[in-house]
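Subject: Structure for your files

Dear colleague,

Here is the structure I said I would pass on. My notes on it follow below.

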Amino acid sequence: MSQLPDLESLRLLVLVGDLGSLSRAAAQLGLAQPSVSKRLSTLERRLGLVLVERTRRGSQLTDAGRAVAGWAQQVLQDLDGLLTGAEALRTKRDAELRVAASMTVAEYLVPGWLGELRRTRPELYVGLQVTNSEHVPELLRSGAVDLGFIESPRAPAGLPARRVAHDRLLVVVAPGHPWARRRRPLGVAELAAAPLVLRERGSGTRETLDQALRRAGAAEPRPLLELGSATAVRNAVMAGTGPAVISELAVRTDLADRRLVAVDVEGIKLHRVLRAVWASERPLAGPAAELLAVTRRHRPDIVASHRRPGPADRHLT
């Protein structure tokens, strides 16, 4: 056979066998009888078989036609099963969204974004995996998640990325700490030399701080305590454990209520970009694309309203 039979011709053959009439089959398909006859003739030529016996009393399937019609019926049933299964998979895909987010983004931004998305997609199930920024690309490349959010200084190599917000790190202390009463900005060397409450290595916050100190020509920070979330760092500072470098997202309310105090630091840049990232093998679509659109409509770019502008602000623009 030079060409495979087309599915519509197979469907026509089955219908002729069921109805026992070429004209009734043509009427049910909404086709003119000459067009149906031509289609059957083409099918017979492709298969090299006589499938329909045409007489004055009507048309009926030959023995070969009945055999082919039986096989065609199975092919059509299998096709229906394939289409039904594909629709089920598509519905499942459209009803699920798998997200991985770094700690700070997951704690302070993702809940609001997901709430906005679910107002228009109440049937949507979202699975959120909270992890360090360095692990998000691994989850995307393995296909474990559809969309990721990171707070690292650089976008991961080989993955499409888009900015979703600006953030910055602040040095914060409890109100009773000596730094809370400083009149002059803290020097970058003083910051590097002081024991700090820090996020663990691998977090975007820690990576941003380490890189900023290197660029300022300072030593690595001295860990007084290393903790796995911004909330834990915040609570440790409020308990008087020591100073910390933390996302402004995590402490805005505490700064406004004077439970914490921000300390100016000169000579160091602590701004950062928060990014959405996804796998490069396929374009972003479905709920993942919808969530990304939500983040672009609701960018919580940070504005420092909790303290007086100081010399350090010249370095944070």
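Which residues have the most contacts inside the largest nonpolar core? They are Leu97, Trp113, Phe149 and Leu291, in a core of 24 residues. Please keep in mind that this is a predicted model.

Several elements build this core. At least two residues each come from strand S3 (96–101), helix H5 (103–108), H6, strand S5 (147–150), strand S6 (161–173), strand S13 (271–277) and H12. There is also a second, separate core, which has 21 residues, among them Leu196, Leu209, Val245 and Ile268.

Setting aside neighbours within four places in sequence, Leu97 has contacts with Leu117, Leu124, Tyr125, Val126, Gly127, Asp146, Pro287, Ala288 and Leu291. Of these partners, Leu117 belongs to the H6 side of the contact between H6 and H12, while Pro287 and Leu291 belong to the H12 side.

Helix H6 covers residues 110–120 and helix H12 covers residues 286–297; their axes lie 9 Å apart, at an angle of about 120°. The crossing of H6 over H12 is right-handed. From H6, the residues involved are Trp113, Leu114, Glu116 and Leu117, and they meet Pro287, Glu290, Leu291, Val294, Thr295 and Arg297 of H12. By class, this contact consists of six nonpolar residues, one polar and three charged. Trp113 and Leu291, both part of this contact, are also among the residues with the most contacts inside the largest core.

Leu22, Ser23 and Ala26 on H2 meet Gln33, Val36, Ser37 and Leu40 on H3. Four of the residues in this contact are nonpolar and three are polar, with no charged ones.

Two single residues remain. Asn235 sits in helix H10 (residues 230–238) and is partly exposed, its relative accessible area being 38%. Glu134 is in the loop between strand S4 (125–130) and helix H7 (136–141). Glu134 is likewise partly exposed, at a relative accessible area of 42%. Between Glu134 and Leu83 the C-alpha distance is 39 Å, with 51 residues separating them in sequence.

Regards

Methods
Residues numbered from 1 in each chain as written. Predicted model: local features only at pLDDT ≥ 70, side-chain atom pairs only at ≥ 80, totals over all residues. Heavy atoms only, no water. Axes fitted to C-alpha atoms, helices over the stretch in contact; angles between N-to-C directions. Helix = DSSP H or I, 4+ residues; strand = E, 2+ residues; numbered from the N terminus. Left-handed = near helix turned anticlockwise from the far one by under 90°. Contact = heavy atoms within 4.5 Å. Nonpolar A, V, L, I, M, F, W, Y, C, P; charged D, E, K, R; others polar. Core = buried A, V, L, I, M, F, W, Y, C linked by side-chain atoms within 4.5 Å. Buried < 20%, exposed > 50% of the residue type's maximum accessible area, 1.4 Å probe, protein only.
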